[in-house]
Amino acid sequence: MNTIPIVLVPGFWLGAWAWDEVAGLLRADGHDVTALTLPGLDSVDTDRSSITLDDHVDAICAAVAAAGGPVVLAVHSGTGGPGYVVTDRMPDQIAHMVYVDTGAATEAANAEQEGDLPMPSLEDLRKNEPLDGLSDEQLATFAERAVPEPAGAVRDTPVVTNEARTAVPSTVIATGYPAAEYQKGVEEGWGFIAGLADLEDLTWVDLPTSHWPMWSRPRELADLLGDIARDASRA
């Protein structure tokens with residue numbers, strides 16, 4: 001298949017394993033896929049005390065460079081910030097940017113964060129997050145495998161300066177909340193998606209499901225990513 005590589009970055013508390021099903025489906029469809037585990041997220045025993053947002057940005061940049069050409073870069077949830085910075089640092093290497101239930105963050109996830117950020121309890125997730133389509137087994141695996149997020153990655157503010165980032169073709173796949181709600185947030189300047197307002201080529205796609213669509217609707221998400229990669233290869 002004549003397509004371009006896909007780089008998958010999971011959100012907070014997750015490693016590359018979170019993308020296993022989607023990555024497998026994409027590879028079976030002929031795509032070249034790299035899934036990342038960001039620094040500090042490999043094990044609960046890892047020393048995360050010195051890890052910064054820049055370390056996460058650098059790791060994504062390295063994966064993009066290693067792919068050997070322009071890529072589709074898909075970032076999920078809390079990695080909207082470092083993903084957006086990557087489009088600022090190497091816009092020519094991002095054929096298409098995909099924000100999976102997230103956006104181009106311009107503010108820190110939590111500027112007051114002290115110490116690593118642990119995954120919330122399943123009880124809190126059930127109260128506060130869209131979990132449509134997730135099984136109890138999937139949630140139990142999430143809780144079992146989750147790794148605390150490095151404080152620096154949570155506390156640091158994404159910094160962008162390169163106007164070329166605004167021309168990177170981008171898609172938001174809205175899953176936990178509809179695209180219309182995200183669009184309202186962009187208009188109101190919500191920090192975790194505010195950078196979307198600056199993008200010149202932005203597409204919105206609704207995929208109603210949980211905040212973790214790689215588990216609740218993996219086939220549909222893989223199909224969307226695969227279509228984006230095929231279209232980007234023709235551009």
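Is Trp13 counted as buried or exposed? At 12% relative accessibility, Trp13 counts as buried, where buried means under 20% relative accessible area, exposed means over 50%, and partly exposed lies in between (1.4 Å probe, protein chains only). The structure is a predicted model, in which local features need pLDDT of at least 70 and side-chain atom pairs count only at pLDDT 80 or more, while totals for chains, interfaces and linings use all residues. Residues are numbered from 1 along each chain as its sequence is written, and side-chain values use heavy atoms, with hydrogens and water left out.

The protein contains nine helices and six strands; these are DSSP runs numbered from the N terminus, with helices (H or I) of at least four residues and strands (E) of at least two. A compact globule of 235 residues would have a radius of gyration near 18 Å, and the 16 Å of the protein agrees with this. The radius is taken over C-alpha atoms, and the globule rule is 2.2 Å times the number of residues to the power 0.38. Along the principal axes, the C-alpha atoms fill a box of roughly 45 × 35 × 35 Å.

Of the 235 residues, 51% are buried. The accessible surface comes to about 10,000 Å², and carbon and sulfur atoms hold 46% of that area; areas were computed by the Shrake-Rupley method with a 1.4 Å probe, and for residues only the protein chains shown count as cover. Among contacts (heavy atoms within 4.5 Å) with a separation of 6 or more, 79% join residues 24 or more positions apart. The protein carries 13 positive and 38 negative charges, whose mean positions are 4 Å apart. Lys and Arg count as positive and Asp and Glu as negative, without His and the chain ends; each charge is placed at NZ of Lys, CZ of Arg, CG of Asp or CD of Glu.

Two residues other than glycine have positive phi values. Trp13, in the loop between strand 1 (6-9) and helix 1 (20-28), has phi near 75°. Asp101 has phi near 50° and is located in the loop between strand 4 (94-100) and helix 4 (122-128). Asp101 is buried, at 3% relative accessibility.

Asp101 is also one of the residues in contact with Ser77. Ser77 belongs to the loop between strand 3 (71-76) and helix 3 (80-89) and is buried, with a relative accessible area of 19%.

Arg165 occupies the loop between helix 6 (151-155) and strand 5 (170-174). This arginine is buried, with a relative accessible area of 7%. Its side chain forms a polar contact of 2.8 Å with the side chain of Tyr84. Not counting residues up to four places away in sequence, Arg165 touches Tyr84, Thr87, Asp88, Pro91, Val160, Asp198 and Leu199.

Asp231, in helix 9 (residues 218-234), is partly exposed at 48% relative accessibility. The side chains of Asp231 and Arg234 make a polar contact of 2.9 Å. The C-alpha atoms of Asp231 and Glu107, 124 residues apart along the chain, are separated by 31 Å.

Technical notes. A polar contact is a pair of N or O atoms within 3.5 Å; within protein, one must be able to donate a hydrogen and the other to accept it, and residues adjacent in sequence count only if both atoms are side-chain atoms.
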